[in-house]
Amino acid sequence: MKKITRRTILRASGLAAASLALSGCAPTGSACVGNGFSDWLQQTLGKSGSAASSESTEAAAPDAGAASEAPAESADSSLPAYNADPLTGEPRRSNGRMVGVMVNNISNTQRQNARPQRGLGSADLLIESKVEGGITRFCAVYYDANAIPEVGPLRSGRDQFLQLLMPWQALYYHDGESAPCTKFINVYNYSGLNIGGKSYFGTTTHPHVAHRDSRGRNVAYEHTEFTSGAEIRQAAANAGIGLQYPYESTFFRFADYRTGAENKMSGAAAAKTINIVHSDSYKTTFSYNRWDHLYKMSMYSRAAGAFENTVDELTGKQLGFTNLLVCFAGIADYPGNSGGVQQVDYASGGEAYFFTRGAVQRGTWQKASPEHPLKVYAADGSELCFNRGKTYLAIVDDDEWQNFNYQ
């Protein structure tokens, strides 16, 4: 078994480089945030808060420098123009705008239990990261609002997910958000694409549309809210938000659908089972199925005291992914009285592990600013090539490095 040992020295820049300096940041529900945020923006990103706020919400699409490299094996000039789905690399299905929906993942007790969730099996990209108190949360990303079934339980927004969506001008859909999340929305003028947020700092808000369903279970009220594609479209219409967007690049670099290209991971080490630890009680594992080339997902349930298959309640099917990407990053509490809300150090980049076709490739990831997309590179500096299909992305704390393993 390949065991990843913790690095002897964490990156010197670490969280300091990406710290938002939110002195006196209050827990969710309070607007008490210090003024250090704008200073950090100017020092780290070369941008002032006022300059960032003046930019148009519709103007921050990925630019040519940020776009993924040309798809693998696409040099043939006789091929038709490349027109892939931005999230899967398959032939484009629509010109819809990406939609990211925040989904609850708590599983601590019978009453504090959001699983099994609905609608995750329809997501093209599933992002998991720690939020506070050791729990993780999902952002389910869909290529188009029309592709969204019932999804939930719905939960509040966090900036570590928002920052991954911002370069793509995705609709961000949730119920409530942390004060740091609102600060990002305010500074980067993203309120026009943020539905279900808070009015901290005088930020414009757009109400979400959702419904309640206890599913016949004795669960806490906060784990009973769901939404759907129809409700999301209604909320967008209420806010005057367009659900079409002309993407010219893809979230990751994908093997070219026009040639049937495939990343067979020739010569790469085998990786049939992957174990990811976010915290003591939030652990995610994947097992590779060679028949359908999918990594099947399971999670540890504190409520059950055991690992359980991660299924979509709407279909009863276990979630499976063509690609897995594990990005290690510095993660820590926001400074001050933040209630344990977590900040991710995106500015420093870090080490990445890419899994597809039952094998692993080690690389690095970069995300220079909230306006830059996440980029993943191989050891030779080339951009990693993802196989076409669904992707699971984990943003994992450096402190859990020693608990990550695959075989």
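Is Cys 181 buried or exposed? Cys 181 is buried, because its relative accessibility is 0%; here buried means under 20% relative accessible area, exposed means over 50%, and partly exposed is in between (1.4 Å probe, protein chains only).

1. **What you are looking at.** This is a predicted model, in which local features need pLDDT of at least 70 and side-chain atom pairs count only at pLDDT 80 or more, while totals for chains, interfaces and linings use all residues. Residues are numbered from 1 along each chain as its sequence is written, and side-chain values use heavy atoms, with hydrogens and water left out.

2. **The chain overall.** The secondary structure comes to six helices and 22 strands; helices (H or I, at least four residues) and strands (E, at least two) are DSSP runs, numbered from the N terminus. Of the 407 residues in the chain, 57% are buried. The chain exposes about 15,200 Å², and carbon and sulfur atoms supply 47% of that area. Accessible areas come from the Shrake-Rupley method with a 1.4 Å probe, and for residues only the protein chains shown count as cover. Looking at contacts (heavy atoms within 4.5 Å), 68% of those between residues at least 6 apart in sequence join residues at least 24 apart.

3. **Helix H5 and the cysteines.** Cys 181 belongs to helix H5, along with other buried residues including Phe 184, Ile 185 and Val 187. Eight of the nine residues of H5 (residues 179-187) are buried, so the helix is largely enclosed by the rest of the structure. Just after H5, Asn 189 takes a positive phi of about 55°. Another cysteine to look up is Cys 385, which is buried with a relative accessible area of 12%. The structure holds zero disulfides, a disulfide being a pair of cysteine sulfur atoms within 2.5 Å.

4. Strands count as paired if DSSP finds at least two bridges between them. E21 runs parallel to E3, joined by five bridges, and Leu 125 has Thr 391 as its bridge partner in E21. E21 also pairs in the parallel sense with strand E15 (residues 323-329), over seven bridges.

5. **Leu 325 and the core.** Leu 325 stands opposite Leu 393 in E21. Together with Phe 355, Leu 325 has the most contacts inside the largest nonpolar core, which has 96 residues. Such a core is a set of buried Ala, Val, Leu, Ile, Met, Phe, Trp, Tyr and Cys residues joined through side-chain atoms within 4.5 Å. Leaving aside neighbours within four places in sequence, Leu 325 is in contact with residues including Phe 252, Phe 354, Leu 374 and Tyr 392.

6. **Phe 354.** This residue lies in strand E18 (residues 350-356) and counts as buried, at 0% relative accessibility. Beyond its neighbours within four places in sequence, the contacts of Phe 354 include Met 265, Leu 325 and Cys 385. Phe 354 and Ala 378 are 24 residues apart along the chain, and their C-alpha atoms are separated by 9.4 Å.

7. **Two polar side chains to inspect.** Glu 132 is found in strand E3 (residues 125-132) and is buried, with a relative accessible area of 16%. Its side chain makes a polar contact with the side chain of Arg 158 (3.0 Å). A polar contact is a pair of N or O atoms within 3.5 Å; within protein, one must be able to donate a hydrogen and the other to accept it, and residues adjacent in sequence count only if both atoms are side-chain atoms. Thr 88 sits in the loop between helix H3 (49-53) and strand E2 (99-103) and is buried at 4% relative accessibility. A polar atom of the Thr 88 side chain lies 3.2 Å from the backbone nitrogen of Glu 90.

8. **A hairpin to finish.** Strands E10 (residues 273-277) and E11 (residues 283-289) run antiparallel, joined by five bridges, and form a hairpin with five residues between them. Ile 274 has Phe 286 as its bridge partner in E11 and Tyr 406 as its bridge partner in E22.
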